[in-house]
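This report describes one protein model, with the criteria behind each term given where the term is first used. The sequence and structure are shown here.

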Amino acid sequence: MAAAAPPPPPSPAPTLPPQNNPIGHPLFARIRLATRSDVPHIHKLIHQMAVFERLTHLFSATESSLSSTLFDNNPSPPFHSFTVLLLETSPTPFPQTHYSTSFTPITKSFTFDVPIADPEPDLFKSAENNGAVVAGFVLFFPNYSTFLAKPGFYIEDLFVRECYRRRGLGKMLLSAVAALAAKIGYGRVEWVVLDWNVNAIRFYEEMGAQVLQEWRICRLTGENLQAYARMPDYNN
């Protein structure tokens, strides 16, 4: 009987081409000071926030009213009155453009396993014209603590569009406001959160914030507020 043929020699390992790009999908984020031209985006973001918070019945802001109160009739410099920081994302790095001498834009890069599918890229298209979109915002203004005898910042709204959440962008926005407060010498940053929004509560606690269970919001608005304008003058 003939001897069995020897096994063939092992095939050489395939040669892989060099990796010039990092594995994953990069995303570049920038926080900059908002301007009057950003009002249409700010208005759409606030409306999406009202939908998310189930409060559209309280939403009455218009682009005109936002432009008037945030910019036209707001002569105070940024951080001394109502201030809006805008969050933008792009598949490519942002140019070194300064929109204001009051605030140097904050940039950061991320790499994700899968690309982010933005369902509304045209609706939130940025003026950069490089594929950038507006992804969120934070609106804040100064308040004052008598206990600390120091001013602070009150965050009225912090919002990130749904497809960009849980990716570190909300942390980037909140950190920007906290860093400003600390650098200026302010005593604290405060905001409120809906009690059913457990994800936000967990996120804020992870950021080091205390959720004060014993406090309640008191609000005078609408007809109840206007009634005071019709009260007789009690000054003698």
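## Sheet, salt bridges and surface

Gly-136 is buried, at a relative accessible area of 0%; buried means under 20% relative accessible area, exposed over 50%, and partly exposed in between (1.4 Å probe, protein chains only). The model is predicted: local features need pLDDT of at least 70, side-chain atom pairs count only at pLDDT 80 or more, and totals for chains, interfaces and linings use all residues. Residues are numbered from 1 along each chain as its sequence is written, and side-chain values use heavy atoms, with hydrogens and water left out.

Gly-136 belongs to strand 4 (residues 133-145). Of the 236 residues of the protein, 31% count as buried.

The protein has five helices and six strands; helices (H or I, at least four residues) and strands (E, at least two) are DSSP runs, numbered from the N terminus. Along the sequence the pattern is β-α-α-β-β-β-β-α-β-α-α.

The six strands make an open sheet of mixed pairing, in the order 3-1-2-4-5-6. Strand 3 and strand 6 (189-190) are at the edges with a single partner strand each, so one side of each has no neighbour in the sheet. Two strands pair if DSSP finds at least two bridges between them. Strand 1 (residues 25-33) and strand 3 (residues 106-112) run antiparallel and are joined by seven bridges; here Pro-26 stands opposite Thr-111. Strand 1 also pairs with strand 2 (residues 83-90), in the antiparallel sense, over six bridges, and Leu-33 stands opposite Leu-85. Strand 2 in turn runs antiparallel to strand 4, with seven bridges, and Leu-85 has Val-138 as its bridge partner in strand 4.

The structure holds eight salt bridges, each defined as a side-chain nitrogen of Lys or Arg within 4 Å of a carboxyl oxygen of Asp or Glu. The table lists some of them.

| Salt bridge | N to O distance |
|---|---|
| Arg-32 and Asp-38 | 2.9 Å |
| Arg-161 and Glu-120 | 3.8 Å |
| Glu-223 and Arg-230 | 2.3 Å |

In the salt bridge of Arg-161 and Glu-120, the pair links distant parts of the chain, 41 residues apart: Arg-161 is in the loop between strand 5 (150-160) and helix 3 (169-184), and Glu-120 in the loop between strand 3 and strand 4. Arg-161 is buried at 2% relative accessible area, whereas Glu-120 is partly exposed at 28%. Glu-223 and Arg-230 are both exposed.

Leu-220, Leu-225, Tyr-228 and Met-231 form a nonpolar surface patch with about 400 Å² of accessible area together. Patches are made of residues with over 30% relative accessible area and no salt bridge, like charges being joined within 9 Å and nonpolar side chains (Val, Leu, Ile, Met, Phe, Trp, Tyr) within 5 Å. Accessible areas come from the Shrake-Rupley method with a 1.4 Å probe; for residues, only the protein chains shown count as cover. Leu-225 lies in helix 5 (residues 222-226) and counts as partly exposed because its relative accessibility is 39%.
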